[in-house]
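Here are my notes on the model you sent over. I went through the chains and their interfaces point by point.

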Amino acid sequence: MLSRAAMRLLTALPTLLVLVALSFFLMHAAPGGPFDSERSLAPEIEARLAAHFHLDEPVWMQFGRYLGGLLHGDLGPSLQYEGRSVASLIADGAPVSAAVGAAALLLAIIGGVAIGAIAAMRRDGGLDRGLMLLALVGLSLPSYVVAPLLILVFALALDWLPAGGWDGPSSVLLPAVALALPQMAAVARLTRGALGDVLAAPWIRTARAKGLPERLIVFRHALKPALLPVVSWLGPAAAGLMTGSVVVEQVFGIPGIGRYFVQGALNRDYTLVLGVVLFYGALVIAFNFLVDLAYGALDPRARLE
Amino acid sequence: MKPALLRQPAIAVPAAILLLIVLLAVFGPWLAPQPFDAIDFDAEWGAAPSAAHPFGTDDLGRDLFARVCVGGRLSLAVGLVSTLVSLAIGITWGAVAGWFGGRVDAVMMRVVDILYALPFMFFVILLMVLFGRHELLIFVAIGAVSWLDMARIVRGQTLALRRQPFIDAAVVSGLGNAAILVRHVIPNLLGVVIVCATLTVPQAILVESFLSFLGLGIQEPATSWGALVNDGARAMEATPWGLIFPAGFLVLTLLAFNWLGDALRAALDAPRR
Amino acid sequence: MSLLTVDALRVRHRAVTVLDGVSFAIAAGESLGLVGESGSGKSQTALAVLGLLPATATVEGSIRFRDEELRGAGRAQLDRVRGSRIAMVFQDPMSSLNPYLRIGVQMAEVLQQHRGSSRAAALHDAARLLDAVRISDPRRRLTQYPHELSGGMRQRVLIAMALLAQPELLIADEPTTALDVTVQAEVLAVLDDLRRDLGLALLLITHDLGVVSGNCERMAVMYAGRIVEAGNTADVLTRPAHPYTAALLATRPVLEGPRPIRLPSIAGQPPDPARRPQGCAFSPRCQQVMPICQTHAPVLRQQRDRSCACHVGDEPLLPTDGAADRNFA
């Protein structure tokens, strides 16, 4: 696993480069430009704007310039938000998105592991079947369906929580739940399956023969190996949460990175979109790297490899 | 599908639900009081469900029942076509990697790993925004990003198959690589591929409705469940049925596919134990 | 008085009867070898004693440990006996230790659970036991993970772990089957020494007659879910009374004199537990089979300290249906 983590680090830069190049050329190959929507622009103003942002240069030169900026940690200026750099826009949105994302991740892991563990301990019983059916339903509940329903019930009908906006901790809760629900269902299914398999292992029989109570058997002997698949899931889950956050931020009107991305894409704000894609890409890679490390820490056999 | 499988309730129930939904999407619009894009000037705008409009009307006075059916056609079509695209790419990629093994396999699977680590949905969004919201593009874009799981599974199965004696026999008899892949390997992948495909359909439907929800997918006057959920969510305080009916059908369809996929996988695993 | 008394034990998994009236007793400090082919019910017997069979199994009969009935006992009662008064060592040392926990944690928890020892005291005792099973550098072993030890070492760890709480009875299920021959001898020697030192009773389950002859005072032979012969190990091995025991003995490789070209084996297969033949289960493979064998199962009959369930050599028996043989081995 350590070698896998090292491999991940080695491939991180080329991966990001591919990501940037793909997005960059895709955007420049597409019809339309960043200043199309402002119809009344005089041609000379448009030309000056283009010159200001170097949009009049050949595409490969622009790409080189962009990469050069990246080397200095410069994501460039936003084409739409006047006088703002992409980095500052991301810095504004990141804490907001991170708060919702972290809350959702925490919720998904804690809730999912608890539900999965209960189901595994009552395997094939009524409770197990009920919980797994719920998990299947949860898996089929996209965030953009859950989010409006949550608003309808908890904000509009009951008036317990704000329907949107970004105003203190209470505005984290509903978006986090909407984001977490499908992931929680996935964790519950993973945990249940893995814990069920582990509880059937010969060394669990040894533990039972030692006279250990079931509580110790589950928590000391079985949970750690059963969590390995959950840990592997964290990588894709991070990507899933980021994707989900795009809609959830839209629905709740949260000023996070996801909204910048959608706005930026719609407005052909090349630099902003590139910056966000790059940021997300780096985050997902970092997450996967941490997952590899965590996997190695959890599984003593993996450390040798 | 074998008739024996259909006797298992875990397979028969979701299959029946899906059949009903498909029938409704295909034939429903003819039962509807008016075409999905026609406006009923007699009815109130945003009318509650009634005999005339079983699911009510939307804020333009269009019949929601007809719209849910027509939206379903598109969502289901996206699910099926995108899955076919992902099948084609995934099976080819996975079978080639698994069959040739060694360095070819290592490189091909590393590509999959790298793609896996990318926030793919952002690419799809970019594609949609930049190249216009053409239906065909939706199909291809979604298919093109959802083949990774398929490729991994097919590759694993192919690796396992390659060690089977009947494959050796085919090699010894002088059959070429391509012929062996097409005649012997791919048919034996059928089980896992069906399961994987069943689980890819809801993923594709999810992606399409996700895009449409953001306003980046299907465009007026055409509609899909995602677009309807988006419309419904905007007006949900006044006309909650506008959200509840399309959301209900969307969730039920996703649930039925996931359920069916689970049950098929269990049925496939069972004889091996 | 017996330490463990198993009486008319019957185990069914759904419709399949895997144990069909097994009875035997072990006195304190005594060693009993349970011999038979795989599928004869040896391991099922061991698992049944500790209540480790899956919850779906039906268990009938009686399992008395001193004056406690263990059959149908609840988890709390079983947990007081398991690991503390009856310990068990399993067949496969590779998978019987938790690969995710250090050896020290897995050993110490036995004493922490049953004796209320502190972690430090438990680890101290664990190191002492590792030393007793002749594992070098015990302190360091406690900090290692199972995959860092060889198979023979792991099996000795399992034995040390089983003996930590000073149980009165040790059940060892094929403790050496998965090991190399030289390692087997070592592990058995360790087991035998400790047993004598600690005055431990031993139920040794094996398919290997050599292991029984070296380690057990008494032995019982199982076939198709029943005990077919029991007695003093030396007696049974020199003068087998049951054709099955005799056939088993004949399959042992001859080490002296002219060797046969092929090792002899018992013709045929043990019966499918779901479809046992009528009468004596061994009759289809028996070379001395008589008409009565195919219609009536023989009862286990006792003569002094020997018992045998066979029609051959008996006075003509009154037909019995053989369901409830209650003679103790």
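**Notes on the interfaces and chains**

1. Starting with chains C and A: 27 residues of chain C touch 24 residues of chain A, contact meaning heavy atoms within 4.5 Å. Keep in mind that this is a predicted model, where local features need pLDDT of at least 70 and side-chain atom pairs count only at pLDDT 80 or more, while totals for chains, interfaces and linings use all residues. Residues are numbered from 1 along each chain as its sequence is written, chains are lettered from A and ligands numbered from 1 in the order in which they are written, and side-chain values use heavy atoms, with hydrogens and water left out.

2. The size of an interface is often given as the accessible area lost when the parts come together. For chains C and A the buried area is about 2300 Å², with carbon and sulfur atoms giving 58%; buried area here is the accessible area (1.4 Å probe) that two parts lose on being put together, summed over both. On the chain C side, C:Y100, C:E109 and C:H147 lose the most area to chain A, and together they make up 28% of what that side buries.

3. C:E109 turns up again in the charge pairing: its partner in a salt bridge is A:R220, with the closest N and O atoms 2.6 Å apart. Across the interface of chain C and chain A there are 3 salt bridges (a side-chain nitrogen of Lys or Arg within 4 Å of a carboxyl oxygen of Asp or Glu). Polar contacts between chain C and chain A come to 13 residue pairs, both residues at pLDDT 80 or more. The rule for those is a pair of N or O atoms within 3.5 Å; within protein, one must be able to donate a hydrogen and the other to accept it, and residues adjacent in sequence count only if both atoms are side-chain atoms.

4. Which elements of chain C give two or more residues to the side that touches chain A? They are α2 (75–81), β6 (86–89), α3 (103–114) and α6 (151–163) of chain C, taking helices (H or I, at least four residues) and strands (E, at least two) as DSSP runs numbered from the N terminus. The largest share, 6 residues, is from α3(C). By residue type, this side of chain C splits into 15 nonpolar, 8 polar and 4 charged. Ala, Val, Leu, Ile, Met, Phe, Trp, Tyr, Cys and Pro count as nonpolar, Asp, Glu, Lys and Arg as charged, and the others, Gly among them, as polar.

5. Now chains B and A. This contact takes in 37 residues of chain B and 44 residues of chain A, and it buries about 3700 Å², 83% of it from carbon and sulfur atoms. There is 1 salt bridge between chain B and chain A: A:R189 meets B:D262 at 2.8 Å, N to O. Polar contacts between chain B and chain A number 6 residue pairs, both at pLDDT 80 or more.

6. On the side of chain B that touches chain A, two or more residues each come from α4 (102–116), α5 (120–130), α10 (190–213), α11 (225–234) and α12 (241–269) of chain B. The largest share is that of α12(B), with 10 residues. The make-up of this side is 30 nonpolar, 2 polar and 5 charged.

7. A word on chain A itself: it has 11 helices and 0 strands. Its C-alpha atoms fill a box of roughly 85 × 55 × 30 Å, taken along the principal axes.
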